Amino acid sequence: MRLFVDWDGTVTVQDSLVQVIHEFGDPAILAKLEPRVGVDLTLHEEIALEFEAVTTPLDEVVEWVLENVDVRPGLAELAELRPVIVSAGFHELIEPVLRREGIELEVLANRVEAREDGWRVGFRDGDRCVRCGEPCKRAGVAGAPHAYVGDGYSDRCAAVAADRVFARDSLATHLDEVGVPYEPFDDLREVAVLLRGPS
């Protein structure tokens, strides 16, 4: 069974995109737009608007990310199962953290062009999903039987498509509301142990 794992808030302790917005962007835009996602704004639209306010050179942001973004305990153990990272975040901010941790994994994520007049996001998933109505991660995980590990809004549609789900935070709340079973987790070591099964 293939394993897909979200990045922000799942592999990372905090949502690193939110951390970057607070440090280099405009938190007021985040506060204004976040409640509108799924109402009159897609997640892609939110992310694009928030990162237009970031004008810092990419290398400076990466340096800050490497100093300030922590990964959840158990990443090394989970990495032994060769998961695919599937994220609404950016290759340019995810891959340096994986290198810092000495871990190499496949990453399905968006790209960013760090421009002086505001960052521009190139989204990996462009087509609207027939299930949720907006571009989402489901297209990247559909197909063979798989497990999914996530924590937030961007994980909802992909998690519902999975054969086995590990959830925390707002994803767990959402799955409770829609009646989809999942296994709760606090750290990634727990997920690795559960996926390996009895020894």
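## Largest pocket

Helix H1 (16-24), helix H3 (43-51), strand E2 (84-90) and helix H9 (169-178) each contribute at least two residues to the lining of the largest pocket. H3 gives the most, with 5 residues. The structure is a predicted model.

The space in the largest pocket is about 570 Å³. Its lining has 30 residues, and those closest to the centre are Asp15, Val18, Glu34, Gly152 and Tyr153. By class, the lining of the largest pocket holds 12 nonpolar, 7 polar and 11 charged residues.

## Second largest pocket

The second largest pocket holds about 330 Å³ of space. Its lining is made up of 22 residues, with Cys132, Cys136, Tyr153, Ser154 and Cys157 nearest the centre. Two or more lining residues come from each of H3, E2, strand E3 (106-113) and helix H8 (156-160). The lining of the second largest pocket divides into 11 nonpolar, 5 polar and 6 charged residues.

## Helix H10

Helix H10 spans residues 188-196, and Leu188, Val191 and Ala192 are buried in it. These residues lie on the same side of H10 because they cover an arc of only 100° around the axis. The buried residues of H10 pack against helix H5 (75-79), strand E5 (146-150) and strand E6 (164-167).

## Ends of H10

At the N-terminal end, Asp187 caps H10, with a side-chain oxygen 2.9 Å from the backbone nitrogen of Arg189.

How values were computed. Residues are numbered from 1 along each chain as its sequence is written. This is a predicted model: local features need pLDDT of at least 70, side-chain atom pairs count only at pLDDT 80 or more; totals for chains, interfaces and linings use all residues. Side-chain values use heavy atoms; hydrogens and water are left out. Buried means under 20% relative accessible area, exposed over 50%, partly exposed in between (1.4 Å probe, protein chains only). Helices (H or I, at least four residues) and strands (E, at least two) are DSSP runs, numbered from the N terminus. The arc is that of the directions from the helix axis to the C-beta atoms. Contact means heavy atoms within 4.5 Å. A polar contact is a pair of N or O atoms within 3.5 Å; within protein, one must be able to donate a hydrogen and the other to accept it, and residues adjacent in sequence count only if both atoms are side-chain atoms. On a 1 Å grid over the protein atoms alone, a cavity is a set of points where a 1.4 Å probe fits but cannot get out, and a pocket is an open set with protein on both sides within 12 Å along at least five of seven lines; lining residues have an atom within 4 Å of a point. Grid points are joined across faces, edges and corners, and a volume is the space filled by probe spheres set on the points. Ala, Val, Leu, Ile, Met, Phe, Trp, Tyr, Cys and Pro count as nonpolar, Asp, Glu, Lys and Arg as charged, and the others, Gly among them, as polar.
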